[in-house]
Amino acid sequence: AEDPQERVEQLLIAHGQVYAEPLTIWLTRLHVTLAWAGHVHLRQIGLHVFRGIDAFWTKFLSDFERQGHLSGIEPSLVVPWLLGPVERCTIISRLACGDDDPRRPSLAEVAKHSAAALFQLWGRPSGSASYGDSSLADRLLKEMPAVSGNGDLDNAAKSARNNPREQKASITRAAKALCSQHGYEAANVRDIAARAGVSTATLYSHFADKTNLFCSALEAEFAQHGDYRAGAGPVALDAALMQIAARAASPDWIWIHNVLMASTISDDPRVVAIGRKSRDTAEDFLAGTFAAKPSALTLNMLLGAIERSGVLALILFGAAAVDLPALARLAAFTARCYEAQDTAPASIPS
């Protein structure tokens, strides 16, 4: 396309279509499962791929700035801000929520909205304000409440007593721990029972099969820890985004990402329903920061970057390498971009 905005829109659609390919979904499941299972070589391939994608877009945006189409952009923040919504609209919602989801904005709508926002915010004469103020991120980190309440995975080895409730809790903890360490497929029933300190017969007396066990564990997890609210009172948009980003990057949720995104039961109707409920919880929490409920397109735009960055940081870089200050900066940046876009003139240079 000759028009710069249309060129960005077409590239975003192409990017999203790659993520929507069934083969890509299969490869993503395989990569995520094997990466969590300790296959260092595959993890390095994944890092190379995602860094290559980001590097392409960084150069693309830098060229646009050099050519005078954009100005004042920060590629390290704008790239996830651009790519997150189209990826969320395809791979994340498809893996966790299924194809038949009419509430999800279409890829074409998301690409058009993102391209227009890019030029609305940075398609102006040089001297445009930067939205990447690090002091905003520092404030978010200081004010961020605890986002992980699990913390009991390592206690799964403790033997369960004869109390059925304690047996069931111990089995669930063991299932989470083994799924976190080795992935869903490798977490077999015999190992789960041994780690929980019960017999396989006892395990089956509580759960019909492995699928039932993990679905029950997912439902219990979201019931206990699925609320993002830290307390009474309204939450600012940037603080809400930071909570969601930190939750996505929490190592306590590795096993959840594994079951929802990378397992053979991720298409099971019960798992799909859990994925949708999780998604709706995050969207409803974020919508609560607005006076009037925003559109699905706006929510997708705001959530895309921080969910992409949180989940990818956890899957590809590992729990030890998750950079909370970087996520805080991205959350503050995304909130400021929304506020600036909401008040900016809609003039877009050719």
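Q: Which helices each supply at least two residues of the lining of the largest pocket?
A: Helix 1 (4-20), helix 2 (22-36), helix 3 (40-66), helix 4 (75-97) and helix 14 (296-317). Helices here are DSSP runs of H or I, at least four residues long, and strands are E runs of at least two, numbered from the N terminus. This is a predicted model, where local features need pLDDT of at least 70 and side-chain atom pairs 80 or more, while totals for chains, interfaces and linings use all residues. Residues are numbered from 1 along each chain as its sequence is written, and side-chain values use heavy atoms, with hydrogens and water left out.

Q: Which helix gives the largest share of that lining?
A: Helix 3, with eight residues.

Q: What volume does the largest pocket have?
A: About 680 Å³. Its lining has 30 residues, and the closest to the centre are Tyr 19, Thr 24, Thr 28, Val 49 and Phe 50. On a 1 Å grid over the protein atoms alone, a pocket is an open set of points with protein on both sides within 12 Å along at least five of seven lines; a cavity is a set where a 1.4 Å probe fits but cannot get out; lining residues have an atom within 4 Å of a point. Points are joined across faces, edges and corners, and a volume is the space filled by probe spheres set on them.

Q: How do the residues of that lining divide?
A: Into 22 nonpolar, five polar and three charged. Nonpolar covers Ala, Val, Leu, Ile, Met, Phe, Trp, Tyr, Cys and Pro; charged covers Asp, Glu, Lys and Arg; the others, Gly among them, are polar.

Q: And the second largest pocket, what volume?
A: About 570 Å³. It is lined by 22 residues, with Asp 54, Pro 80, Ser 309, Phe 317 and Ala 326 closest to its centre. Helix 3, helix 4, helix 14 and helix 15 (324-343) give two or more residues each. Helix 14 gives the most, six. By class, this lining has 14 nonpolar, three polar and five charged residues.

Q: How many cavities of 30 Å³ or more does a search find?
A: Two in the whole structure. The largest cavity holds about 370 Å³ of space. Among its 22 lining residues, Ile 92, His 257, Ser 278, Arg 279 and Glu 307 lie nearest the centre.

Q: New topic. Where does Gly 288 lie?
A: In the loop between helix 13 and helix 14. Gly 288 counts as exposed because its relative accessible area is 58%. Gly 288 and Ala 236 are 52 residues apart in sequence and 9.3 Å apart in space, C-alpha to C-alpha.

Q: What about Leu 30, where does that lie?
A: In helix 2. Leu 30 is partly exposed, since its relative accessible area is 37%.

Conventions:
Buried < 20%, exposed > 50% of the residue type's maximum accessible area, 1.4 Å probe, protein only.
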